[in-house]
Amino acid sequence: MLESGEARTTLSFYRYHQIEDPAQFRDELYRRWSKLGVFGRIYVAREGINGQVSLPGKDFEAFRQDMYSIPWLDGARLNIAVDDDGKSFYKLKIKVRGKIVADGLDDRSFDVTKRGRHLSAEEVNQLMEDPGTIVVDMRNHYESEVGHFEGAICPDVETFREALPIVEEMLKGKKDHPIIMYCTGGIRCEKASAYYLHKGFG
């Protein structure tokens with residue numbers, strides 16, 4: 001791999017979805033994507049999928065078409081790495097996990113697919129002009145210290161699992177306020193939004 005001159009692309013993706021049989025889905029993905037030269041680390045759980053992979057650049061479109069042929073993955077955002085030579089992984093690992101992101105929540109108590117909605121930059125700007133809007137940084141403290149929105153709630157935590165109850169406490173008595181959440185790749189915000197909607201926020 002290191003000596004190969006083949007151009008490869010590194011990308012990441014995720015999607016929350018209720019998967020009935022994660023092991024069967026894992027096996028199906030391995031058969032399909034190993035044929036396309038996909039390497040990387042993919043987690044599959046009953047709540048969805050979270051992957052970071054690399055693949056030959058010439059097969060990118062074939063991979064996207066194959067991924068989007070799975071109805072619930074159709075249109076999933078593919079985050080392409082920049083300044084990367086694509087040699088980030090050397091084999092394909094697809095693992096069945098209890099969660100696609102560690103959070104400590106009882107997923108049986110709420111539907112993770114009933115989440116908040118994605119906002120355009122224009123919608124975010126409009127909401128932030130409303131003095132009643134609450135902005136929540138769902139990242140870890142060392143990420144928010146690099147930079148965050150002025151006035152945002154920034155929980156002093158090291159993990160997403162820690163952030164959820166702390167942010168809930170910080171939002172106490174504010175269930176009627178518009179809430180904007182942001183994080184690095186979106187996966188934490190989507191889970192948090194589903195949890196807080198279940199708790200009566202929004």
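Which residues does Lys191 touch, not counting residues up to four places away in sequence? In this predicted model, local features need pLDDT of at least 70, side-chain atom pairs count only at pLDDT 80 or more, and totals for chains, interfaces and linings use all residues. Residues are numbered from 1 along each chain as its sequence is written, and side-chain values use heavy atoms, with hydrogens and water left out.

Lys191 touches Tyr16, Glu47, Lys99, Asp103, Leu105, Asp107, Phe110, Val112 and Phe160, where contact means heavy atoms within 4.5 Å. Lys191 lies in helix H6 and is buried, with a relative accessible area of 0%. Buried means under 20% relative accessible area (1.4 Å probe, protein chains only).

Phe160 belongs to helix H5 (residues 160-170), where Ala163, Leu164 and Val167 are buried along with Phe160. Seen down the axis of H5, these buried residues fall within an arc of 105°, so they line one face of the helix. The buried residues of H5 pack against strand S6 (134-137) and helix H6 (187-198).

H5 and H6 pack at an angle of about 40°, with their axes 11 Å apart. That makes H5 oblique to H6. The contact is made by the residues tabulated here.

| Helix | Residues in the contact |
|---|---|
| H5 | Phe160, Ala163, Leu164, Val167, Glu168 |
| H6 | Arg188, Lys191, Ala192, Tyr195, Tyr196 |

The residues of this contact divide into seven nonpolar, no polar and three charged. Helices are DSSP runs (H or I) of at least four residues and strands are runs (E) of at least two, numbered from the N terminus. Angles under 35 degrees count as roughly parallel, over 145 as roughly antiparallel, 65 to 115 as roughly perpendicular and the rest as oblique.

Key:
Buried means under 20% relative accessible area, exposed over 50%, partly exposed in between (1.4 Å probe, protein chains only). The arc is that of the directions from the helix axis to the C-beta atoms. Axes are lines fitted to C-alpha atoms, for helices over the stretch in contact, and angles run from 0 to 180 degrees between N-to-C directions. Ala, Val, Leu, Ile, Met, Phe, Trp, Tyr, Cys and Pro count as nonpolar, Asp, Glu, Lys and Arg as charged, and the others, Gly among them, as polar.
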